[in-house]
Amino acid sequence: MIRANNIAELFDFIKKNRKLNNLTLNISKKGIIQTNQQGKADILIKNNSIVFNVKIDPILRQSCEIILPLIRKKDRNFIGQIGQSLDAKIALNNGNSHYINEKESITYLHCLRSISDGVLVGVNTIIKDNPLLTTRKIKGQNPTRLIIDPSLKLTNKYKIFKDKNTNIVFTTSNKTKNLNNTTIVKLPKKDFTLGVYQFLKKSSLKYILIEGGPTTLSHFIEQNLINYMQFIISPTLIGSGINSVKLKPITNLKKAIRRKSNFAKLGKEIIATLDFNS
Ligand SMILES: NC(=O)c1ccc[n+]([C@@H]2O[C@H](COP(=O)([O-])OP(=O)(O)OC[C@H]3O[C@@H](n4cnc5c(N)ncnc54)[C@H](OP(=O)(O)O)[C@@H]3O)[C@@H](O)[C@H]2O)c1
């Protein structure tokens with residue numbers, strides 16, 4: 001069985017060796033080691049597919065199978081994700097959102113975070129959920145937290161300012177504020193989303209996970225500043241509530257976003273991926 005620290009090492013290894021094909025990996029007491037001994041490998045990575053010859057938790061195996069193809073193609077990637085019901089709701093109208101998805105999806109999300117250098121959210125997600133945005137479920141390396149906060153509403157009371165991980169806050173505000181472990185980046189109001197994107201493209205952070213909420217994701221989708229969009233779909237009907245994306249209305253279905261798609265099962269849920277590179 002691959003232990004939690006091994007799976008974290010596996011994701012870390014994949015993250016550092018994205019461009020290498022046909023890898024054979026063995027698991028020793030020290031962790032995961034690369035080997036050339038064909039046929040004896042515990043894990044085989046061939047182009048975009050992964051084969052496990054060792055026991056692995058089924059959710060972690062499915063997570064590896066879904067994530068690997070996303071990260072092998074490009075040097076840099078912006079991956080969006082949102083957890084939703086079958087009828088595309090992320091919360092009820094009263095804001096209650098705990099929990100639409102199964103706990104397996106949280107493990108999956110932590111796997112996604114572990115291959116990311118940065119995790120981007122909008123300010124409302126910090127205010128409403130007070131998340132940590134770490135990879136604690138699989139013990140991987142924590143990504144830099146990136147927060148879009150145009151009017152600089154955030155204060156040090158939120159959890160992200162109370163641990164040792166680093167944050168970057170993007171704003172258009174002229175306020176001066178001291179947020180713990182945080183670099184504040186001021187950008188022009190005009191083309192703000194593009195400004196955030198360009199800043200990140202020039203940075204050392206190569207893989208960015210856009211975790212939500214719907215407003216933040218929709219800005220990136222509408223401006224085509226995303227490589228993949230993943231919907232983690234729970235087989236649940238909610239009926240009314242907050243939509244997972246809120247794009248500007250269109251008048252002709254020819255203008256609907258249609259991209260190459262992939263559907264994979266993760267436990268009881270479905271992960272639908274739209275490939276914006278296509
Ligand atoms: N189901 C999931 O997977 C998931 C994931 C994350 C969050 N959520 C949920 O999503 C909800 C919050 O969603 P939300 O859509 O209200 O908020 P959000 O995307 O977290 O934050 C939106 C706010 O961030 C700022 N912002 C973000 N991107 C911007 C851009 N490109 N340009 C200008 N401003 C930008 C704006 O702040 P100002 O208003 O200050 O200008 C905007 O109102 C929470 O309830 C959370 O639980 C769900």
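Let me begin with a convention: helices, meaning H or I runs of at least four residues, and strands, meaning E runs of at least two, are taken from DSSP and numbered from the N terminus. The structure is a predicted model, in which local features need pLDDT of at least 70 and side-chain atom pairs count only at pLDDT 80 or more, while totals for chains, interfaces and linings use all residues. Residues are numbered from 1 along each chain as its sequence is written.

I will start with the backbone. The peptide bond from His 98 to Tyr 99 is cis, with omega near -10 degrees, and Tyr 99 sits in the loop between strand 6 (89-91) and helix 3. Another cis peptide bond links Gly 212 and Gly 213, where omega is about -5 degrees, and Gly 213 belongs to the loop between strand 11 (207-212) and helix 6 (214-222).

Lys 139, in the loop between helix 4 (123-129) and strand 8 (144-148), has a phi near 60 degrees, which is positive although the residue is not a glycine. Lys 139 counts as partly exposed because it has 17 C-beta neighbours inside 10 Å; on this scale, with C-beta atoms placed from the backbone, 20 or more other C-beta atoms within 10 Å make a residue buried, 12 or fewer make it exposed, and anything in between makes it partly exposed.

Turning to the sheet, 4 strands form an open arrangement in the order 2-1-3-4, with antiparallel pairing, where two strands pair if DSSP finds at least two bridges between them. At the edges are strand 2 (31-35) and strand 4 (49-52), each of which pairs on one side only. Strand 1 (residues 23-28) and strand 2 run antiparallel and are joined by 5 bridges, with Thr 24 standing opposite Thr 35 in strand 2.

What does helix 1 (residues 4-16) lie across? It lies across strand 1, strand 2 and strand 3 (43-46), at about 40 degrees to strand 2, where axes are lines fitted to C-alpha atoms, for helices over the stretch in contact, and angles run from 0 to 180 degrees between N-to-C directions. Contact here means that the C-beta atoms of two residues, placed from the backbone, lie within 7 Å. Among the buried residues of helix 1 are Ile 7, Leu 10, Phe 11 and Ile 14, and its buried residues pack against strand 1, strand 2 and strand 3, as well as helix 2 (58-71) and helix 3 (103-114).
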